[in-house]
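Subject: Handover of a structure

Dear colleague,

Please find below the structure that I am handing over to you. I would be grateful if you kept it open while reading the notes.

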Amino acid sequence: MRAVEFQEYGGPEVLKVVEADLPEPGPGQVSIDVAYAGVNFADLKARAEGYRVASLPFRPGLEVSGRIRAVGAEVTGLRPGQEVAALTDGGAYAETVVAAAETVFPLPEGVSPRVAATLPTVVPTAHALVHEVGRLRAGETVLVQGAAGGIGTVVGQLAKAAGAGAVYGVVSTAAKAEYARTYGYDEVFVGPDFDAEVRRATGGRGVDLALDPVGGDTFRRSMDALAIFGRLVSFGNASSAEPWQVGQPELYPTGRTVSGFSILGLAGTAPEALRTLAEQAFRTVAEGTVELPVTAEFPLAEAAEAHRLIGSRQSTGKLLLRVG
(Lines give C-alpha, C1' and ligand atoms only; values in the text may rest on other atoms or scores of the structure.)
Protein backbone atom coordinates (compact mmCIF):
# COMPACT_ATOMS: atom_id res chain seq x y z
CA MET A 1 0.00 0.00 0.00
CA ARG A 2 0.99 3.66 -0.34
CA ALA A 3 1.65 5.86 2.68
CA VAL A 4 3.19 9.25 3.41
CA GLU A 5 5.92 9.57 6.02
CA PHE A 6 8.97 11.60 6.94
CA GLN A 7 12.41 10.39 7.95
CA GLU A 8 13.68 13.73 9.23
CA TYR A 9 12.16 16.90 10.64
CA GLY A 10 11.78 19.89 8.38
CA GLY A 11 9.49 21.62 5.91
CA PRO A 12 6.73 20.06 3.82
CA GLU A 13 9.33 18.68 1.41
CA VAL A 14 10.34 15.98 3.93
CA LEU A 15 6.98 14.24 3.37
CA LYS A 16 7.54 11.31 1.00
CA VAL A 17 5.27 8.67 -0.54
CA VAL A 18 6.47 5.16 0.33
CA GLU A 19 5.33 1.59 -0.24
CA ALA A 20 4.49 -0.20 3.00
CA ASP A 21 3.06 -3.51 4.16
CA LEU A 22 -0.65 -3.70 4.90
CA PRO A 23 -1.14 -3.41 8.66
CA GLU A 24 -3.04 -6.15 10.48
CA PRO A 25 -5.29 -5.35 13.44
CA GLY A 26 -4.32 -6.74 16.82
CA PRO A 27 -6.66 -7.45 19.73
CA GLY A 28 -9.07 -4.58 20.26
CA GLN A 29 -8.18 -3.00 16.90
CA VAL A 30 -9.63 -2.69 13.41
CA SER A 31 -7.96 -1.95 10.08
CA ILE A 32 -9.63 0.62 7.82
CA ASP A 33 -9.28 1.13 4.08
CA VAL A 34 -9.04 4.92 4.03
CA ALA A 35 -11.30 7.07 1.87
CA TYR A 36 -10.20 10.45 3.25
CA ALA A 37 -7.71 11.60 5.87
CA GLY A 38 -7.99 14.88 7.72
CA VAL A 39 -5.06 17.31 7.79
CA ASN A 40 -4.51 19.07 11.12
CA PHE A 41 -2.06 21.59 12.52
CA ALA A 42 -0.80 18.86 14.85
CA ASP A 43 0.48 17.04 11.74
CA LEU A 44 2.59 20.09 10.86
CA LYS A 45 4.00 20.27 14.39
CA ALA A 46 4.88 16.57 14.19
CA ARG A 47 6.72 17.09 10.89
CA ALA A 48 8.53 20.28 11.92
CA GLU A 49 9.13 19.79 15.66
CA GLY A 50 8.59 16.13 16.50
CA TYR A 51 5.30 16.72 18.34
CA ARG A 52 4.08 13.31 19.57
CA VAL A 53 6.70 11.53 17.46
CA ALA A 54 8.20 8.54 19.28
CA SER A 55 10.73 7.66 16.57
CA LEU A 56 11.59 8.14 12.90
CA PRO A 57 10.45 7.37 10.26
CA PHE A 58 6.99 8.63 11.22
CA ARG A 59 3.66 8.59 9.42
CA PRO A 60 1.42 11.57 10.35
CA GLY A 61 -2.37 11.77 10.40
CA LEU A 62 -4.90 11.59 13.21
CA GLU A 63 -8.29 11.02 11.57
CA VAL A 64 -9.81 9.09 8.69
CA SER A 65 -13.02 7.95 7.12
CA GLY A 66 -13.38 4.72 5.18
CA ARG A 67 -14.50 1.08 5.36
CA ILE A 68 -13.41 -1.47 7.92
CA ARG A 69 -11.09 -3.98 6.26
CA ALA A 70 -10.67 -6.40 9.17
CA VAL A 71 -11.39 -6.62 12.89
CA GLY A 72 -9.08 -8.01 15.55
CA ALA A 73 -9.88 -10.26 18.45
CA GLU A 74 -12.10 -8.93 21.23
CA VAL A 75 -13.78 -6.36 18.96
CA THR A 76 -17.57 -6.17 19.16
CA GLY A 77 -20.08 -3.94 17.41
CA LEU A 78 -17.90 -3.37 14.33
CA ARG A 79 -17.68 -5.49 11.16
CA PRO A 80 -15.75 -5.64 7.89
CA GLY A 81 -17.26 -3.45 5.19
CA GLN A 82 -18.81 -1.01 7.66
CA GLU A 83 -18.38 2.70 6.86
CA VAL A 84 -16.71 4.49 9.77
CA ALA A 85 -14.81 7.53 10.94
CA ALA A 86 -11.86 7.02 13.25
CA LEU A 87 -9.48 8.89 15.50
CA THR A 88 -6.02 7.34 15.19
CA ASP A 89 -2.79 7.58 17.15
CA GLY A 90 -0.92 8.63 14.01
CA GLY A 91 -0.45 6.92 10.68
CA ALA A 92 -3.59 8.16 8.92
CA TYR A 93 -1.74 9.34 5.79
CA ALA A 94 -2.01 5.88 4.25
CA GLU A 95 -4.28 3.67 2.16
CA THR A 96 -4.94 1.43 5.16
CA VAL A 97 -4.61 2.31 8.84
CA VAL A 98 -5.11 0.53 12.16
CA ALA A 99 -7.11 2.16 14.95
CA ALA A 100 -8.28 1.16 18.41
CA ALA A 101 -11.86 -0.06 18.15
CA GLU A 102 -12.95 2.30 20.91
CA THR A 103 -12.06 5.30 18.72
CA VAL A 104 -13.85 4.00 15.61
CA PHE A 105 -17.35 5.37 15.02
CA PRO A 106 -19.99 4.11 12.55
CA LEU A 107 -21.11 6.91 10.25
CA PRO A 108 -24.33 8.67 11.25
CA GLU A 109 -27.23 8.34 8.84
CA GLY A 110 -26.84 10.65 5.88
CA VAL A 111 -23.18 11.57 6.54
CA SER A 112 -20.88 10.87 3.59
CA PRO A 113 -17.30 9.58 3.97
CA ARG A 114 -16.00 12.97 2.79
CA VAL A 115 -17.90 14.82 5.51
CA ALA A 116 -17.08 12.09 8.02
CA ALA A 117 -13.35 12.70 7.62
CA THR A 118 -13.86 16.19 9.07
CA LEU A 119 -15.46 14.84 12.24
CA PRO A 120 -13.15 12.80 14.51
CA THR A 121 -10.89 15.57 15.91
CA VAL A 122 -12.56 18.89 15.12
CA VAL A 123 -16.22 18.44 15.98
CA PRO A 124 -15.79 16.63 19.34
CA THR A 125 -13.10 19.14 20.32
CA ALA A 126 -15.37 22.08 19.50
CA HIS A 127 -18.27 20.45 21.36
CA ALA A 128 -16.12 19.92 24.45
CA LEU A 129 -14.80 23.48 24.35
CA VAL A 130 -18.30 24.96 24.24
CA HIS A 131 -20.17 22.54 26.50
CA GLU A 132 -18.21 20.04 28.60
CA VAL A 133 -15.16 22.17 29.46
CA GLY A 134 -16.25 25.72 28.62
CA ARG A 135 -19.75 25.19 30.09
CA LEU A 136 -21.24 28.01 28.07
CA ARG A 137 -24.57 29.34 29.30
CA ALA A 138 -27.18 31.20 27.30
CA GLY A 139 -26.46 34.91 27.12
CA GLU A 140 -22.73 34.60 27.80
CA THR A 141 -20.03 36.00 25.52
CA VAL A 142 -17.29 33.96 23.85
CA LEU A 143 -13.87 34.80 22.38
CA VAL A 144 -12.32 32.29 19.95
CA GLN A 145 -8.78 32.33 18.59
CA GLY A 146 -8.37 30.94 15.07
CA ALA A 147 -12.02 31.65 14.28
CA ALA A 148 -11.63 30.75 10.58
CA GLY A 149 -9.98 27.37 11.16
CA GLY A 150 -11.76 24.04 11.46
CA ILE A 151 -12.39 24.18 15.20
CA GLY A 152 -13.18 27.90 15.08
CA THR A 153 -15.73 27.36 12.30
CA VAL A 154 -17.58 24.76 14.39
CA VAL A 155 -17.29 26.62 17.69
CA GLY A 156 -18.95 29.71 16.20
CA GLN A 157 -21.97 27.67 15.15
CA LEU A 158 -22.19 25.68 18.39
CA ALA A 159 -21.93 28.80 20.54
CA LYS A 160 -24.75 30.49 18.60
CA ALA A 161 -26.89 27.35 18.85
CA ALA A 162 -26.29 27.33 22.62
CA GLY A 163 -27.64 30.88 22.90
CA ALA A 164 -24.42 32.85 23.31
CA GLY A 165 -25.01 36.56 23.75
CA ALA A 166 -22.14 37.43 21.40
CA VAL A 167 -19.39 35.43 19.73
CA TYR A 168 -16.11 37.20 18.98
CA GLY A 169 -13.33 35.76 16.85
CA VAL A 170 -9.65 36.48 16.26
CA VAL A 171 -7.98 35.81 12.89
CA SER A 172 -4.79 36.80 11.07
CA THR A 173 -6.22 38.37 7.89
CA ALA A 174 -9.20 40.41 6.73
CA ALA A 175 -10.22 37.63 4.33
CA LYS A 176 -10.41 35.17 7.21
CA ALA A 177 -12.51 37.66 9.17
CA GLU A 178 -15.05 37.79 6.36
CA TYR A 179 -15.16 33.98 6.26
CA ALA A 180 -15.63 33.65 10.04
CA ARG A 181 -18.59 36.04 10.08
CA THR A 182 -20.56 33.54 8.01
CA TYR A 183 -20.20 30.89 10.75
CA GLY A 184 -21.73 32.52 13.80
CA TYR A 185 -19.31 35.33 14.69
CA ASP A 186 -20.76 38.73 15.57
CA GLU A 187 -17.43 40.55 15.36
CA VAL A 188 -14.00 39.38 14.25
CA PHE A 189 -10.71 41.06 15.20
CA VAL A 190 -7.61 40.92 13.02
CA GLY A 191 -4.15 40.82 14.57
CA PRO A 192 -2.55 40.43 17.99
CA ASP A 193 -4.10 43.37 19.84
CA PHE A 194 -7.48 41.72 20.24
CA ASP A 195 -7.71 42.18 24.03
CA ALA A 196 -8.19 45.93 23.65
CA GLU A 197 -10.78 45.29 20.92
CA VAL A 198 -12.66 42.89 23.18
CA ARG A 199 -12.81 45.49 25.94
CA ARG A 200 -14.15 48.02 23.46
CA ALA A 201 -16.77 45.64 22.06
CA THR A 202 -17.98 44.61 25.52
CA GLY A 203 -18.02 48.09 27.03
CA GLY A 204 -15.02 47.26 29.21
CA ARG A 205 -16.59 44.13 30.71
CA GLY A 206 -14.64 41.39 28.89
CA VAL A 207 -15.89 37.95 27.80
CA ASP A 208 -17.23 35.08 29.87
CA LEU A 209 -15.41 32.34 27.93
CA ALA A 210 -12.16 32.50 25.94
CA LEU A 211 -10.81 29.57 23.88
CA ASP A 212 -7.10 29.53 23.02
CA PRO A 213 -5.12 27.05 20.88
CA VAL A 214 -2.10 29.34 20.50
CA GLY A 215 -0.44 29.79 23.90
CA GLY A 216 2.30 32.29 24.73
CA ASP A 217 1.35 35.95 24.44
CA THR A 218 -2.04 35.04 22.98
CA PHE A 219 -2.83 33.03 26.10
CA ARG A 220 -1.92 35.99 28.33
CA ARG A 221 -3.96 38.44 26.26
CA SER A 222 -6.91 36.07 26.37
CA MET A 223 -6.64 36.09 30.16
CA ASP A 224 -6.70 39.90 30.08
CA ALA A 225 -9.85 39.81 27.95
CA LEU A 226 -11.85 37.83 30.53
CA ALA A 227 -14.71 39.31 32.51
CA ILE A 228 -15.05 38.82 36.25
CA PHE A 229 -15.58 35.08 36.86
CA GLY A 230 -14.46 34.48 33.25
CA ARG A 231 -13.19 31.10 32.05
CA LEU A 232 -10.27 30.38 29.73
CA VAL A 233 -9.81 27.02 28.03
CA SER A 234 -6.39 26.20 26.53
CA PHE A 235 -6.51 23.49 23.85
CA GLY A 236 -3.19 23.80 22.06
CA ASN A 237 0.18 25.51 21.80
CA ALA A 238 0.48 26.52 18.15
CA SER A 239 3.04 29.18 19.11
CA SER A 240 5.38 26.52 20.58
CA ALA A 241 5.86 28.86 23.55
CA GLU A 242 6.92 27.68 26.99
CA PRO A 243 4.04 25.96 28.82
CA TRP A 244 1.80 28.50 30.50
CA GLN A 245 1.69 28.87 34.25
CA VAL A 246 -1.15 30.54 36.12
CA GLY A 247 -1.38 31.08 39.86
CA GLN A 248 -3.07 33.00 42.61
CA PRO A 249 -2.17 36.53 41.42
CA GLU A 250 -3.93 35.98 38.08
CA LEU A 251 -6.94 34.01 39.35
CA TYR A 252 -7.89 35.20 42.81
CA PRO A 253 -8.74 38.91 42.29
CA THR A 254 -11.50 38.35 39.70
CA GLY A 255 -12.38 34.68 40.21
CA ARG A 256 -11.08 33.55 36.84
CA THR A 257 -10.77 29.89 35.88
CA VAL A 258 -8.25 28.26 33.52
CA SER A 259 -8.71 24.73 32.18
CA GLY A 260 -7.44 22.62 29.32
CA PHE A 261 -8.56 20.04 26.79
CA SER A 262 -6.98 17.58 24.36
CA ILE A 263 -9.03 15.16 22.25
CA LEU A 264 -5.97 12.88 21.99
CA GLY A 265 -5.47 13.02 25.73
CA LEU A 266 -9.10 12.06 26.32
CA ALA A 267 -8.79 9.18 23.85
CA GLY A 268 -5.85 7.82 25.84
CA THR A 269 -7.27 8.23 29.34
CA ALA A 270 -11.07 8.06 29.04
CA PRO A 271 -12.15 6.40 25.77
CA GLU A 272 -15.72 5.88 26.97
CA ALA A 273 -16.03 9.61 27.66
CA LEU A 274 -14.63 10.23 24.18
CA ARG A 275 -17.24 7.95 22.62
CA THR A 276 -20.07 9.75 24.39
CA LEU A 277 -18.64 13.12 23.37
CA ALA A 278 -18.16 12.02 19.75
CA GLU A 279 -21.71 10.67 19.47
CA GLN A 280 -23.12 13.96 20.75
CA ALA A 281 -20.88 15.99 18.45
CA PHE A 282 -21.53 13.90 15.34
CA ARG A 283 -25.27 14.29 15.93
CA THR A 284 -24.97 18.06 15.51
CA VAL A 285 -23.61 17.48 12.00
CA ALA A 286 -26.18 14.84 11.08
CA GLU A 287 -29.00 17.13 12.27
CA GLY A 288 -27.63 20.15 10.41
CA THR A 289 -26.77 22.26 13.46
CA VAL A 290 -23.13 22.37 12.41
CA GLU A 291 -21.43 22.50 9.03
CA LEU A 292 -17.68 22.14 8.57
CA PRO A 293 -16.80 23.07 4.99
CA VAL A 294 -13.98 21.26 3.19
CA THR A 295 -12.14 24.19 1.63
CA ALA A 296 -9.31 22.23 0.00
CA GLU A 297 -8.72 18.63 -0.97
CA PHE A 298 -5.48 17.01 -2.15
CA PRO A 299 -4.53 13.53 -3.36
CA LEU A 300 -2.50 11.51 -0.87
CA ALA A 301 0.68 12.05 -2.90
CA GLU A 302 0.29 15.83 -2.50
CA ALA A 303 0.24 15.86 1.30
CA ALA A 304 3.15 18.32 1.23
CA GLU A 305 0.95 20.83 -0.63
CA ALA A 306 -1.71 20.53 2.05
CA HIS A 307 0.95 21.24 4.68
CA ARG A 308 2.19 24.25 2.73
CA LEU A 309 -1.31 25.68 2.57
CA ILE A 310 -1.94 25.33 6.31
CA GLY A 311 1.54 26.64 7.05
CA SER A 312 0.88 29.74 4.93
CA ARG A 313 -1.88 30.74 7.37
CA GLN A 314 -4.16 31.36 4.39
CA SER A 315 -6.39 28.32 4.85
CA THR A 316 -9.89 28.27 6.30
CA GLY A 317 -12.25 25.47 7.27
CA LYS A 318 -11.03 21.89 6.85
CA LEU A 319 -8.39 20.34 4.56
CA LEU A 320 -8.53 16.71 3.45
CA LEU A 321 -6.36 14.15 1.70
CA ARG A 322 -8.28 12.04 -0.84
CA VAL A 323 -6.96 8.50 -0.45
CA GLY A 324 -9.37 5.75 -1.60
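This is a predicted model: local features need pLDDT of at least 70, side-chain atom pairs count only at pLDDT 80 or more; totals for chains, interfaces and linings use all residues.

Residues are numbered from 1 along each chain as its sequence is written, and side-chain values use heavy atoms, with hydrogens and water left out.

Salt bridges

A salt bridge is defined here as a side-chain nitrogen of Lys or Arg within 4 Å of a carboxyl oxygen of Asp or Glu. Across the whole structure, the search finds 19 of them. Helices (H or I, at least four residues) and strands (E, at least two) are DSSP runs, numbered from the N terminus.

One of the salt bridges pairs arginine 2 with glutamate 95, with 3.1 Å between the closest N and O atoms. Arginine 2 belongs to strand β1 (residues 2-5) and glutamate 95 to the loop between β5 (83-87) and β6 (96-100), so the pair links distant parts of the chain, 93 residues apart. Arginine 2 is partly exposed, at 27% relative accessible area; the term covers values between buried (under 20%) and exposed (over 50%), using a 1.4 Å probe and protein chains only. Glutamate 95 is also partly exposed, at 26%.

Aspartate 186 forms a salt bridge with lysine 160, and their closest N and O atoms are 3.0 Å apart. Because aspartate 186 lies in the loop between α5 (174-180) and β10 (187-190) and lysine 160 in helix α4 (residues 150-161), the pair ties together parts 26 residues apart in sequence.

The sheet and its helix

Six strands form an open, parallel sheet in the order β10-β9-β8-β11-β12-β13; two strands pair if DSSP finds at least two bridges between them. Strands β10 and β13 (257-260) stand at the edges with a single partner strand each, so one side of each has no neighbour in the sheet. From one strand to the next, the twist averages 20°.

Strand β9 (residues 166-171) is joined to β10 by four bridges, and valine 170 stands opposite phenylalanine 189 in β10.

Yours sincerely

How values were computed:
Axes are lines fitted to C-alpha atoms, for helices over the stretch in contact, and angles run from 0 to 180 degrees between N-to-C directions.
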